[in-house]
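I opened my notebook to look up the nonpolar core and the aromatic rings. Here are my entries.

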Amino acid sequence: MITSTEPIDRLYSVIPAGGIGSRLWPLSRADAPKFLHDLTGSGHTLLRDTWDRLVPLSNEQRIMVVTGRAHRAAVEQQLPELTDPNVVLESEPRDSTAAIGLAAAILELREPGVIIGSFPADHVIKGDALFRSAVTEAVVAADAGYIVTIGIRPTEPAIGFGYIKSAASLAIDGAPSALAVDSFVEKPSPDVAERYLADGCYLWNAGIFIARADRLLAEIEAAEPELHAGLLELAAAWDTPARGAVVDQVWPRLKKIAIDYSVAEPAAAAGKLVVIPGQFDWDDVGDFASIAKLHSGGRKANLAILGEGARVLADSSSGIVVSHTGRMIALIGVEDIVVIDTPDALLVTTSANAQKVKAVVDALKLSGSSDVL
């Protein structure tokens, strides 16, 4: 395991801080997205924890945050060390290829040959030394010309994560764990997840991508030439007075597409994608069942209670309660319950149905109930 504490040479970290985390409604909202919440009890938001995790790898001057214009003030409040040149604002969400691709294009112009690492703003990672070791190997593989992702060894047949099917080991000097990627797999059914766990070749997709910026842009160009051209146009104007006008003109017409589809899947098919199996603890805290598990130590009989001043009286109950109202919540004889109590919306479901919360958000959008989104 690599144990150095010096910044990794040539690595520039990028934090895409977008999305609202719709499976965490009504806690996560458009004006208070998932990454701006403390979901672990650390006393810090997920965004702040991500920043602190990356500083030893890149140092404070080499971390860029891509976020929405509406979130700039909150992001800068959370990250006072973040410098203005490292704030990239999206006028509206255009998915991860646009966000990460623009960061790559800007950084490649500023520093030709730079290696970028894209790390989600809203995941939970424990085991800093193991995390650093995986990233260090990924940077080595990226310098060799590969697009690199980090996968997590599954510990259970989870259905809330995407999976990466790994293939043969690769002989990359300095990256002994590197494996070729056979394919990316969407979130599976319970039966399929059981097969993936038993197979041993499948890793959870942690949403981390590391590559030379020029290689990443070349993959985007091959798959989405119009999107690539727009990103280059934006990057060329970014550090000039023309930025605002060009962003207003170009950004709205960028294609919405996830980087898994525009870069990772084509690169895997061409034998250009590598995965480093990460040994660190990881969770994307994608639903309330995940948060309950984090706070209960995996013991199903426990009841996790979050929220400053939460008032909960429970008897023979388990699951999670998040309260931001101060009202008394009494639970009697209910198992794996999810109660999210906010001033203007109340969610009651079960851990087994936590993934379905997104459907509630979709229904609220269709009904025009934007006041609670």
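I began with a term: a nonpolar core is a set of buried Ala, Val, Leu, Ile, Met, Phe, Trp, Tyr and Cys residues joined through side-chain atoms within 4.5 Å. Buried means under 20% relative accessible area, with a 1.4 Å probe and protein chains only. The model is predicted, so I noted that local features need pLDDT of at least 70 and side-chain atom pairs pLDDT 80 or more, while totals for chains, interfaces and linings use all residues. Residues are numbered from 1 along each chain, and side-chain values use heavy atoms, without hydrogens and water.

**Core.** I looked up the largest nonpolar core and found 49 residues. Phe131, Val135, Ile150 and Ile210 touch the most other members.

**Rings.** Next I counted 7 aromatic pairs. Rings of Phe, Tyr and Trp (its six-membered ring) pair if their centres lie within 6.5 Å; planes under 30 degrees apart are stacked, over 60 edge-to-face, the rest tilted. Phe161 and Trp204 are edge-to-face, at 4.8 Å centre to centre and 70° between the planes. Phe161 lies in the loop between strands E6 and E7 and Trp204 in strand E9, so the pair ties together parts 43 residues apart in sequence. Both Phe161 and Trp204 are buried.

I then checked Tyr163 and Tyr196, a tilted pair at 5.1 Å and 55°. Tyr163 is in strand E7 and Tyr196 in helix H5, 33 residues apart.

Conventions
Buried means under 20% relative accessible area, exposed over 50%, partly exposed in between (1.4 Å probe, protein chains only). Helices (H or I, at least four residues) and strands (E, at least two) are DSSP runs, numbered from the N terminus.
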